[in-house]
Amino acid sequence: MNKIAVSAFAILLGWSGTSLYARHHIESAYPQRLAELNSNNAFGLHLKKHSFDAGAFSSMATTEFELKTNPCAESPSLSFTIEERFRHDLIRGLGSVKSDINIIINDNKAETAFNSIATKIKKDPLVITGTYSLFGSKVNYDITSPAFNIN
């Protein structure tokens, strides 16, 4: 074999190994973080259902939540679904997993209000991205909005 073929094979093997490790890490850590969120919750946010679909290049976590609009009184709850796509590959960088979050509001009135804001400002009113460290328990989310930025 020539040096180029050996180098290409080594890169492919390294990429495959890191991708599988990243997938395993997220697949095992994500449900634990959801359980912590659900147990340490003082805001009336409750986990209804969770699923995790692992793939070779990316994984998708789908979680349904219910939020009491007024935790102190009987009031209707707001249901929403969070879809988080994790990209775990060599192109995105070794040692971290990038994620994109999509929030689906399951309430017509709230969704209409949210879409109205998006139409008026002509851009997405809320963009959430995350970075997961594979060599520790650190998770960083960046929340970007025309009104504010949170890191």
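**The hairpin and what lies around it**

Author: E1 and E2 form a hairpin, with three residues between them. The model is a predicted one, in which local features need pLDDT of at least 70 and side-chain atom pairs count only at pLDDT 80 or more, while totals for chains, interfaces and linings use all residues. Residues are numbered from 1 along each chain as its sequence is written, and side-chain values use heavy atoms, with hydrogens and water left out.

Strand E1 covers residues 45–54 and strand E2 covers residues 58–68. Such elements are DSSP runs numbered from the N terminus: helices are H or I runs of at least four residues, and strands are E runs of at least two. The two strands pair in the antiparallel sense over nine bridges; strands count as paired if DSSP finds at least two bridges between them. Across this pairing, His 50 stands opposite Thr 63 in E2.

Along the sequence, the order of elements is α-β-β-β-β-α-β-β-β.

Contact means heavy atoms within 4.5 Å. Not counting residues up to four places away in sequence, Leu 45 touches Leu 37, Asn 38, Phe 65, Glu 66, Leu 67 and Phe 80. Leu 45 and Phe 65 are also among the eleven residues of the largest nonpolar core, together with Ile 26, Tyr 30, Leu 34, Phe 52, Ala 61, Phe 80, Ile 82, Phe 86 and Tyr 132. A nonpolar core is a set of buried Ala, Val, Leu, Ile, Met, Phe, Trp, Tyr and Cys residues joined through side-chain atoms within 4.5 Å. Here buried means under 20% relative accessible area, exposed means over 50%, and partly exposed lies in between, with a 1.4 Å probe and protein chains only. H1, E1, E2 and E3 each supply at least two residues of this core. In soluble globular proteins, nonpolar side chains tend to be buried together. Of the 151 residues of the protein, 25% count as buried.

Ser 79 lies in E3 and is buried because its relative accessible area is 16%. Leaving aside neighbours within four places in sequence, Ser 79 is in contact with Lys 48, Phe 65 and Glu 66, and also with Ile 105, Asn 106 and Asp 107. Thr 81, likewise placed in strand E3, has 9% relative accessibility and therefore counts as buried. With neighbours within four places again left aside, the contacts of Thr 81 are Thr 62, Thr 63, Glu 64, Asn 102, Ile 103, Ile 104 and Asn 106.

E2 also takes part in lining the largest pocket, along with helix H1 (3–39), strand E3 (77–87), strand E4 (96–105), strand E5 (127–133) and strand E6 (139–144), each with at least two residues. On a 1 Å grid over the protein atoms alone, a pocket is an open set of points where a 1.4 Å probe fits, with protein on both sides within 12 Å along at least five of seven lines; lining residues have an atom within 4 Å of a point. The space in the largest pocket is about 540 Å³, where the volume is that filled by probe spheres set on the points, which are joined across faces, edges and corners. Its lining has 18 residues, and those closest to the centre are Leu 37, Phe 65, Ile 82, Ile 101 and Tyr 141. H1 gives the most to this lining, four residues. By class, the lining has 15 nonpolar, one polar and two charged residues. In these counts, Ala, Val, Leu, Ile, Met, Phe, Trp, Tyr, Cys and Pro are nonpolar, Asp, Glu, Lys and Arg are charged, and the others, Gly among them, are polar.

Gly 130, in strand E5, counts as buried because its relative accessibility is 4%. The C-alpha atoms of Gly 130 and Tyr 141 are 4.2 Å apart, with the two residues eleven apart in sequence.
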